[in-house]
Each structure stands twice: as C-alpha cells, then as structure tokens.
Amino acid sequence: MTTAATTTAGAGTAGTAGTAGTTTAFRVCPLCEAGCGLAITLDGDRVQRIRGDRDDVFSKGFICPKGSTLKQLHEDPDWLRQPMVKRDGEFVPVTWDDAFAEVDRLLSPVLATHGRDAVAIYAGNPTAHSLGALLFLRPLIRALGTSNVFSASTVDQRPKELSSGLMFGGSLSVPVPDVDRTDFLLMLGANPYASNGSLATAPDWPGRLEALVERGGRFVVVDPRRTRTAEAASEHVAVLPGSDAFLLASMVFVLADEQLVDTGALGEYLAGVESVLAAVAPFSPEVTAPLTGVEPAVVRRLARELAAAPSGCVYGRIGTTVAEFGTVASWLVDVLNALTGNLDRPGGAMFTRAAAGAANTRGAGRFGRGVRLGRRHSRVRGAPESLGELPVACLAEEIDTPGEGQVRALVTVAGNPVLSTPDSDRLDAALAGLSCYVAVDPYINETTRHADVILPPPTALQKSHYDLALLQLAVRNVANYSPPVLPLAPGQIAEWEILARLALVVQGLGPTADPSLVDDLVLDSLVGSAVADETSPVFGLEPPAVIESLGDRRGPERLLDLMLRTGPYKLSLDDLLAHPHGIDLGPLEPRVPDVLRTPSGMIELAPEILLEDVSSRMVPRLSSPRSDALLLIGRRDLRSNNSWMHNVEVLVKGKPRCTLQIHPNDASRLALEDGAPATVTSASGTLEIPVEITEKIRQGVVSIPHGWGHTSPGTALSVASRYPGVNTNVLSPNTLVDPVSGTSVLNGIPVTVSPA
Ligand code: SF4
C-alpha cells in the first residue's frame, strides 16, 4: 500500500506522466536544507524514478544529483531494517523488544551507579531534517537529564545561531539573504553551487544567483578557493582562511570612516551603534590587510558598494563559522546589514515568518528572555555551554578522562562524529572504552561500529517530512508537508517511537513501555503553551478541548497539526495535505520589532561578550606576525552530504574527490606531483592523500573535503569502503575552538605537507 499523496499516471493532475498502472507521489527531499520538491514514480511499492517536481511552489522542478538517490538509499542492502545487538563482538539482528531490553540492561546500571551526567548524547545533522527526530529528541534529552549534550552544531553553525540569539533574542531568528530581490550580495565562506545553501533555505541557488546577475545585480564571493560559486560570481575575493572577521570589521570601519552608516527605518530599534563603531576603530583595511590578504582598496570598494546598492546583503556561511573568530564574524555580517539599512528590508537580510514551530512567531513579540550562555561548563576543560550544549570538541576527553562525572555511556542519533568532529582518532579510541553505547542510526559506520545496540530508523521514503527547523530560514515563506511514500516493512518502527521508547527506558519505565506516553506528554506541553498565549487562536481554551479537536492523529503529525493551527497563518495539516506541491505564503516581509525576543526589545548590535572577544583576542592579533604555515581548509562537493551518502555508488564513482588541493607554486616548492601521495601533518595528526594541483586555490592554502575516511574495520558500508578517502578531521586539533560558541576550528589549521 502506498500512503503518500499520489496521482494515477495519465490522469492529467499535477503534471505527472508515466505508464498505466504507475502512480506519482510528491514529496520534499529531506537530504539538505534546500528542500526540493520531488515527483516519485512508483509501480506499486517499487520506486521507478525520481525527478524534480515542476509544480513545487518553491523549487519549481530543481533537483540536485543527490535527490534522485532516495531510491538507492531506500534499497541499500547496508541500510539496517532491524535492530542490532552486539554479541561476542559481532552484531546480530534482534526484535525491538529485545533491543530495548538490552538498552535497559546496559544503560540503566550506568545511570543508577554514576548519575545522569555519566550518559552523553550526540545528535547529528540529519536530525534537523527529520520531523520525528526533531520533535522527540528533546524529550529524550530531558529524560536523560544529562549535562553532556552535544551535536553537530558545534562543528557547523553554532556561531550564527549564537550571534542571532544575542542580537535578536532567538537562535533561529537568523536573517536570510533576500536573494530573489537583492541588487548586491556579498557571500563569505559559502558555496551554494556545491552545498545547495545553508542557513538560507532556497532550492536552486544557482538559478537564483544567475537571475540576480541577469537583472543587473552583482554577487561577490569571498573564499580562499575559486569554488563553483566563485566562478559564477561577478567577483571573487581570495581571502586568507579564518580572517573573515577581520575583513568584516574593516568594512564596518570604512562605513564609519567614510560616513556611510545609514540604518534607515530600523534605527529606532538598534541599540549599541556607537559601541560597535568604537570597537572596530583599530581595524582599518590597511591594518588588517596582512591578516586577510585582501587589498585595502578592495575592502573599501566593497563597503561602498554595499552602502550604495539600492538593496544589498551580506551572507556568511561555513567558512565564516568554523573559524577562530566565528561568532564575531557571524555577528559582523548582520552588523553590516544593519548599518547599511539592509537589515529587515526587501532585497536585504530578512526574517522568515514560518508556518509552524518558530519561537519568534509566538506570543506578543518584541520582548523576550533572549539567550543565556555559560550556565554550566564541561568537566575536563571547563568549556562553557552555549544554547544548552557543550562543544563536541570536548566529547572525547569527557569519555577518556577518568574521575567524578566521567562519561561512561553514549547515545548518538543520526551522527558519525568519528568522521565529522575534531581529533577523530582520539574519539574513535575513546568510544571503544564506553560501558554502553546506543546508536539510533541506519548504518554500521565508523562511529556506530562501537555501539552495543543499533536502533535503525526507516528510510526517508518511509518517513513523513516537514522541515520544522529549516523552513524557519527560507528565503520565501513556504509550507509543505509530505506523508510517507512507502509503508514500513514488517519489523520496522517509526523514528519517533524509537526515541520515545528510549526516553521511557532511561526514565526507568522499562523496555516495553508505550511510546504514546511520551507523545501525549509532548502534546500536553505544546497545548499548555498554546492556551496560555494570548495571540493564539486557542488562547484560554481548556486543554482537553484543544486535544480533542486534533482528532485521531498521533505522533509527529498530531504535534505538527497543532503547531500549524496555532502558527501565524492558522493552517492545518489537512491544508498541507491538500497541497502536495506546497503552499506559497509570499515573499519575506519586514518583521522588526515583532520578530525580536530580546529583554530590551531592541536589536542588540553590540553584545558585551562579542565586544570583549574583539578587544581581548582580535585586537592583539593585529600586531602578531602571521604564520607562514600552509593553512588547511575543507570543501564541499555536490555529490557528498557530509559523511553519510558515500554508500550510494552513483554518487561516489568516478574520479576520486578526496584529494589535497594545492596551488602550483606551493606544489613546486614542496616537490609535490599531481596524483602522487602527500603526507599532511598538523598538531593533532597525520594522513596520506593524493595531490591535486590546481590554480583554483589560493597560494598558501590547501584543501581536503570532509566526511571521508571509510577505512575502519567492522563497518558495513560495502560501497563507501571501496571509495574510502581519508578523514581530514584527524588533522583538526580538538583544542582549536572559537571560545565564544565552542565551535571547532576546521578552517585555517596550520599544516606541513611533503611527498609521501
Ligand atoms: S538540493 Fe538538497 S533538497 Fe534538493 S534534491 Fe539535492 S539534496 Fe535534495
């Protein structure tokens, strides 16, 4: 039985085509932030092919090479279909009841003997795109009651979440570039031609950027590498790795120096303008040029262009966030937008009004609690938490350092931190010493090979989809829901049930407790908030009446329905089901002050913690001599998705992509030959990798893509192990973090390179 919204081929609906007897299901691709609409042709329960959905209101038929591989992922024989338990060092399949009984047997004694902090949890990137995982991960974390919460955010976007929280009061109140209307876009450390965009949800970035140029606009890419996006850009500025904060500070300096500050209509909501201008006074382009490698005249021209553009926007992504001054850089991006009048106006950097789940659409608006930081610290190095999590760079030491509070058990959800987090070899070794490790994951990969129990979720085509998190960052207001395309196979259970049952086990309710207990608790909490919110349509109603009005649905769908009904557009899940190509809710509109949730009700342009970082770490750097070491950066590829899609043959075959890119002059100086192996060494590790000599990379910089290194024994990745590559994170010292956000520094790592 096919459960998705389907049309019979040939019926003439929704632009579908196919032979008689086939059906077409429409669903949103959950693999990355772009959220493209897919048209999936089915013969019964067998996927025939996957194309872009031309009628999708947001993606209009765009699809990248990964989207069509949902079929291969679904059919991947290595994707686990039943739970696995390790017996005598080997994984054996078991029933769900047996698997949860094993979790209970191993985990409960750790909790009872050593306390809640003895169990750590790590959530990987795919949890952000899974409706069930996103809604039921929080109850699991609450049930664990541990301080040791980690996620991929601290190897990715935490600096942007943090700077947005400090400035606007909410970590997902991230201004996104109004790419479809802007006249001038300055992009730093972003390569959406390969990544398909991040922290700015927009299917078909290439098409949108090309349209920008066609309507007479310009987009400038700041990146040490001439990426595909840089090649398509109006201008490429080859900055030195890790120096974006200095470049941005210099641009703010120029605005002040040349009296170009014009905050426009937003001025009355901006607090701290003078403090920011004073903070950047030491950062003239002439002073920062040795650090950034960018000519002062270029910096001044870019600042003037931004200020003069009819509309303009600065957008920073991973190159700016996995850097030494990542939070300051993320903050200065929006400082520039605000000081040029481009924040919260069409064509500038704007806030999405999401249909469901956004904290910045609840309540009366403007005034809120803001974000609180440093409420606790990690045990070993004393690193502060941010947004409820500790830096994942601390995870290995929390496991392998004996003493009171040592982490002895681990739960991972859709993550492969052995490949994706720093100082990988140490984490790999530490995992082997755990008393209990439970993985919610479909694969036996480099991390989960250490697990005692693996609880596999269904495939993407067996899950429903509504991107609760990333639709809050869309460049247009859009809502789309996809029911599962294919049914669960006998023996599979839904992802939310896995997480709910885990929560019940760690709460001591046993391995067979009913997951609907957790579902009801989550619903009660959401309903309680909704009936207390005077802007909600259910304000003042009795909670049982609200719950009854939601009908018979259970699990994520019931929760989503409530969030839609109480969201700003008063939609319902039935509305979304009636629109399988999505609902376009219009272009972004100015939202200040309504979007704010700061205690002052103002945009905090000069958060104290960031001014302090500028004065204590950045200013002294201005007078430090720059190291002449080669600096290592990462890179994205359109056919990769971090570490976890390398088991799809069609995405990994062909010319090896895991290479060390190096400029011809550096290669010649170091006697490196194209295609020959090189040894790369950093303070934390060493690896061997084939050389790729290319003028696309700046001299003094080398690049290795992340997510590779499928060489560990005991994994079950039959394709990935044939295209292993190397794990660049053995070169990332876990001591290198942006101290404000705790985010790992993965760009700008000093390395030495020699022929192998
Ligand atoms: S761009 Fe992202 S959402 Fe779109 S098809 Fe590719 S992987 Fe899927």
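## A helix with two sides

Which exposed residues does the face of H16 turned away from its buried side carry? They are Asp-425 and Ala-429; exposed means over 50% relative accessible area, buried under 20%, and partly exposed in between (1.4 Å probe, protein chains only). This is a predicted model, in which local features need pLDDT of at least 70 and side-chain atom pairs pLDDT 80 or more, while totals for chains, interfaces and linings use all residues. Residues are numbered from 1 along each chain as its sequence is written, and side-chain values use heavy atoms, leaving out hydrogens and water.

Now turn to the buried side of helix H16 (residues 424-431), with Ser-424, Leu-427, Asp-428, Ala-430 and Leu-431. They cover an arc of only 165 degrees around the axis, so they sit on the same side of H16; the arc is taken from the directions from the helix axis to the C-beta atoms. Helices (H or I, at least four residues) and strands (E, at least two) are DSSP runs, numbered from the N terminus. The cover over these buried residues includes helix H14 (395-400), strand E19 (409-413) and helix H15 (417-420).

## An enclosed helix

What about helix H4 (residues 158-168)? Here 11 of the 11 residues are buried, so H4 is largely enclosed by the rest of the structure. Among them are Arg-158, Lys-160 and Glu-161. Just after H4, Gly-169 has a positive phi of about 100 degrees.

## Nonpolar cores

The largest nonpolar core has 92 residues, and Leu-185, Trp-331 and Leu-605 have the most contacts inside it. Such a core is a set of buried Ala, Val, Leu, Ile, Met, Phe, Trp, Tyr and Cys residues joined through side-chain atoms within 4.5 Å. Helix H8 (residues 244-257) gives the most to this core, with 10 residues. A second, separate core of 70 residues includes Val-103 and Leu-564.

## Aromatic pairs

The whole structure holds 7 aromatic pairs. Rings of Phe, Tyr and Trp (its six-membered ring) pair if their centres lie within 6.5 Å; planes under 30 degrees apart count as stacked, over 60 as edge-to-face and the rest as tilted. The rings of Trp-205 and Tyr-315 have centres 5.6 Å apart and planes at 10 degrees, so this pair is stacked. Trp-205 lies in helix H6 (residues 205-214) and Tyr-315 in strand E14 (residues 312-316), so the pair ties together parts 110 residues apart in sequence. Both Trp-205 and Tyr-315 are buried. Elsewhere, ring pairs link Phe-246, Phe-283 and Phe-325 into a cluster.

Technical notes
Contact means heavy atoms within 4.5 Å.
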